[in-house]
Amino acid sequence: MRLDKFLADVGMGTRSEVKRLIHQGAVAVNGSGRISPKQQIDPKHDVVCCFGTELHYQKYVYYMFYKPKGCVTARKDKTHKTVMDYIDVGRTDLFPAGRLDLDTEGLLLITNDGTLAHNLLSPAKHVRKTYLAKVDGCVGAKEAEAFANGLDIGDDTPAKPAKLVILSSGEASDVEVTITEGRYHQVKRMFHAVGREVLALKRTAIGDVTLDAALSPGEFRELTKEEEEALKAGKRE
Ligand code: URA
């Protein structure tokens, strides 16, 4: 592959930015700086360094991020910290696959794989998203049945049937909700539709990938090969 494509794919910048790096002399191939952006390299055998650090070719990368409350799911924001401010891996091509509200915490996938992101988000693919929610009031069988039937949440079409498991109920209730879409404020709007308010919301799983209990809010790690394969296999409801 061309050297400039290699550098762009590993996140060193756009094609024009990496050309500049090459012309500045920041890049070496097999120890030599006498290189051109067009030159062909073999990512398996050639050693490419930028500012003295060896670069390893990985076209697509997948991170599990524990989004804390109070940061926005966007690449840039004028007022708040964004989720991308936490992912300091030196790549410029990453984006969040899906979104969580400012006050929602939990599992967010960060990747540069547009196809996977599309598949995870597409309602047609039915990928499960699981949330723990604290809800005001006593949630019971009536709400679980309404969720299972598919609720009118004010859109053109009702929300698809969702699974509601009641973990505890009382003045406030703890529940686990599983949905297969990702509409705007979906979980909060589903509870509104049955006259309840979400007090706290945390996403715990996407498909078969579960938020790692070893991560604290704001931390991330690469997906394991098994997790990556599970997401790509698109295990569904
Ligand atoms: N549903 C919501 O209401 N908010 C989220 O952040 C995610 C799902």
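A polar contact here is a pair of N or O atoms within 3.5 Å; within protein, one must be able to donate a hydrogen and the other to accept it. Keep that cut-off at hand for the tour, which runs through a predicted model.

Start by colouring the chain by domain. Select 3–55 for domain 1, 62–123 together with 211–233 for domain 2, and 128–206 for domain 3. The contact between domain 2 and domain 3 takes 16 residues from domain 2 and 14 residues from domain 3. Taken over C-alpha atoms, the centres of domain 2 and domain 3 are 22 Å apart.

Next, show the surface where domain 2 and domain 3 meet. About 1,200 Å² is buried between them, and 47% of that lies on carbon and sulfur atoms. On the domain 2 side, select D101, L107 and P123: these residues lose the most area to domain 3, and together they make up 33% of what that side buries.

The largest share, six residues, comes from β6. Coloured by class, this side of domain 2 shows 10 nonpolar, two polar and four charged residues.

For charged pairs, look across the interface of domain 2 and domain 3, where there are two salt bridges. Then select K188 and D103, whose side chains meet in a salt bridge at 2.7 Å, N to O.

Finish at the ligand. Which residues are around the ligand? Select L100, D101, T104, Y131, H185, Q186, V187, K188 and L201.

- D101: an N or O atom in its side chain is 2.7 Å from a nitrogen atom of the ligand.
- T104: a polar side-chain atom lies 3.0 Å from an oxygen atom of the ligand.
- V187: a backbone N or O atom lies 3.0 Å from a nitrogen atom of the ligand.

How values were computed
Residues are numbered from 1 along each chain as its sequence is written. This is a predicted model: local features need pLDDT of at least 70, side-chain atom pairs count only at pLDDT 80 or more; totals for chains, interfaces and linings use all residues. Side-chain values use heavy atoms; hydrogens and water are left out. Domain bounds come from an automatic or database domain assignment. Contact means heavy atoms within 4.5 Å. Buried area is the accessible area (1.4 Å probe) that two parts lose on being put together, summed over both. A salt bridge is a side-chain nitrogen of Lys or Arg within 4 Å of a carboxyl oxygen of Asp or Glu. Helices (H or I, at least four residues) and strands (E, at least two) are DSSP runs, numbered from the N terminus. Ala, Val, Leu, Ile, Met, Phe, Trp, Tyr, Cys and Pro count as nonpolar, Asp, Glu, Lys and Arg as charged, and the others, Gly among them, as polar. A residue is near a molecule or strand if one of its heavy atoms lies within 4 Å of it.
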